[in-house]
Amino acid sequence: MNEVLTRRVTDPGSTPGRSTILIIKVAKTLKFEYIICMKRSLLLILSTITVNAETLWFNNGKSLDGTIIEADNTHVLFKRESDLQMFRFKTDMLTVDSKKLVELYHNTNRYGEIPRVSTPLDDRTLKRYAEHIDGLLKTRLRSMKLVPNKKADEHTRLRRLYLIVVGRIPTEKEITEYMDQPQSGRWDKEVVKLLNSPGYVNHQLNWLYDLLRVQDNPFRIRVPIGYEYRHWLREQVEQNTPYNVFVHKLLNSSGDMYAGGDARASGYYLRDRGMKEDSLSLTVRAFLGTRMQCAMCHDHPFDRWTQREFYEMTAFVEGMGNVTNKYAREAGRARGMLRNVGERRFQRYGDELADSIQFGMESNGTGELILPESFMGSNGVPGDSIHAKAIFTPKFDLDVGERKSRLALADWLTDPNNPRFTTVITNRLWKRVFGVGLYEPVDNFMDDTMPLNSDLMWYLERLMVSVKYDLKEFYRILLNTDLFSREVQQEDSDITKYEFRGPKLRRMTGEQVWDSLVTLVYNDIDQPSRSAIRSSRYNEVYNRYKDMTSQEMFDDIMRLAQDKPDARSIIQLLPESNYTRPNIPDSRLVRSTYLQSPVPGGHLIGQFGGSDRTTIENSNSEPNTTQVLNLLNGFVETNILSNKNADFIMSMRQEKNKSKQVQDVFLAVLGRKPTSSEVSDLTDIMEGDDGYKHVAWILLNTHEFMFIY
């Protein structure tokens, strides 16, 4: 193993006070030492060298070279390099870039002083938080000589609220009920109602599925193992598990997939089984907004990360392997025995048996790995043994002997003092509500990345910590701001320089389009009667066979197969249980979150840019011809306008007054009443018996329906 020591020495041939680097490289494996002196004028580059000394720049243009001993939110303790003198000064004296350096790599008490509050917030506290956000926004706009957009009307604002919180348009009944309430206090009452509804759970899950790349069957085995993972995710959203606790459970998950409970969270690692480098890279990107994948193969060309640092982070998840458990060997032997029977159905039984039993996380992480042969970094060689090391503050000591490095990763990543964990989730939620993040892109943070509004970002982070990562309550604060009530920005603009005069105009996601159209067919889309949660009986296979030997498994299946020679699946072999598959009329027309993940090719959600969940949040809003054809002659015609049982059609048939029909169509599709000129323009179209269908067809093909205004 090579050991590299670096220190600075004064070069007697250079200008006094200047320094060069003396590299002492002890090559232990070769058993010799050599010393190379590099003068400032000699451009002999042997390797990239990291020196502990750092330069801090001050607002007055001066700088100091030396070492940061400790730092917090207000002060830095610094040791000057030239004479080792110690200084303590306020961080406000530093430039923005130097503040970022201190914040990311030295601040050990980033959020320690922030008081935690009880949730749900009382009305007074809620109002104070929302008004402070608006105050920071208005201060920024004044400095840019801009003014906020005018207020949006109540119908527009209500429709926007439904699309953002529950992912669908409101029904005519929901709009009417809201408008019939007294104005005082009704907005927050509606916000709270939606945040506590099944619709919120479903819409939030779609976001999590995209962020975590959730797939039912990521590696195409007999058993759709992802169902159990999806059930666990649903439970976490339903229980409103604090975000930091939720992420901690993911990263520290262990146990067998079909054992139930939090063991199902191991689906997070199962998604990338056998690919620990990719798993780590995607973890850092999803939860810290930092892209390290370039450092997987070489030192990062555009950011500070070295290939060695990438592997030091990867050491946290070393041991995840193929995500198989102690039952895998016996299950594998039983699979082989069943395949040897010679009948195709027994081959399927064996595959289902093994896949129901063998998956789970046993290793808690070894915390150390060997650098691979492909390692090309400047600070190590293939074969070196390295230990897990975090890339940011807070610092921690990892006892590799305990073999619990994934727990250490979970502790460190979700620590409130981690400089990017809180920032990233705060920024992601801000973008979900207003259409643009305060940082853009939301998952490509670098050391020099600065938010559009630093004061606002600082305040929002502290709000997130203060409400203890309660995402519902954080949403509630944002939805009660004056900004949310403003008209959208319709003109194109550079999102990296977006000024929040109002929310950004955006097109519905593929899931929002689908759920809104299905709402016209079934108004009760979020009710239990329309809940089509995907499930299976493979947990019964797990519980029946996990403790058997391979011979016992084989003998039991052969015995069951004699009584049921026509059984095509191992599930059909099992004795009857209390499990019943939900009987839902027209089960294909259900919430997007109940559909296959990702949706099959050709599905409307995919046509409207829904994510294939191969990479993080890779959905898109690009228009294409297929979208137009589907709205003109596809889903809308087949499932809504020509469907006599659709709730929208039945409601329209019951209303005989033509003027009222026009109003009802507008409310159902666009969430507002028509203007007098629109009523006039549509008079001729409404004359026929099916006039309302033609009006609905027109409205469903407008930008006003497709976009979130």
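Me: What covers the buried residues of α28?
Reply: This is a predicted model, in which local features need pLDDT of at least 70, side-chain atom pairs count only at pLDDT 80 or more, and totals for chains, interfaces and linings use all residues. Residues are numbered from 1 along each chain as its sequence is written, and side-chain values use heavy atoms, with hydrogens and water left out. The cover of the buried residues of α28 includes α18 (510–521), α23 (625–633), α24 (635–641), α25 (647–654), α26 (658–670) and α29 (703–706). Contact means heavy atoms within 4.5 Å. Helices are DSSP runs (H or I, at least four residues), numbered from the N terminus.

Me: Why is Leu-699 called buried?
Reply: Buried means under 20% relative accessible area, exposed over 50%, and partly exposed in between (1.4 Å probe, protein chains only). Leu-699 has 7% relative accessibility and therefore counts as buried. Leu-699 belongs to helix α28.

Me: Which residues does Leu-699 contact, leaving aside its neighbours within four places in sequence?
Reply: Leu-699 is in contact with Val-665, Phe-666, Val-669, Leu-670 and Phe-705, apart from those neighbours. Leu-670 is 29 residues from Leu-699 in sequence, and the C-alpha to C-alpha separation is 7.4 Å.

Me: Why is Ile-698 called partly exposed?
Reply: Ile-698 has 33% relative accessibility, so it counts as partly exposed. Ile-698 lies in helix α28 (residues 691–700).

Me: What makes the buried residues of α28 lie on the same side?
Reply: The buried residues of α28 are Gly-691, Tyr-692, Val-695, Ala-696, Leu-699 and Leu-700. They lie on the same side of α28 because they cover an arc of only 165° around the axis. The arc is that of the directions from the helix axis to the C-beta atoms. An α-helix has 3.6 residues a turn, so residues three or four places apart point the same way.

Me: Why is helix α5 described as largely enclosed?
Reply: In helix α5 (residues 186–195), 7 of the 10 residues are buried, so the helix is largely enclosed by the rest of the structure. Its buried residues pack against α2 (123–143), α3 (154–165), α4 (172–179), α6 (198–212) and α17 (471–479).

Me: Why does Arg-672 count as buried?
Reply: Arg-672 has 15% relative accessibility and therefore counts as buried. Arg-672 is located in the loop between α26 and α27 (676–681).

Conventions: Helices (H or I, at least four residues) and strands (E, at least two) are DSSP runs, numbered from the N terminus.
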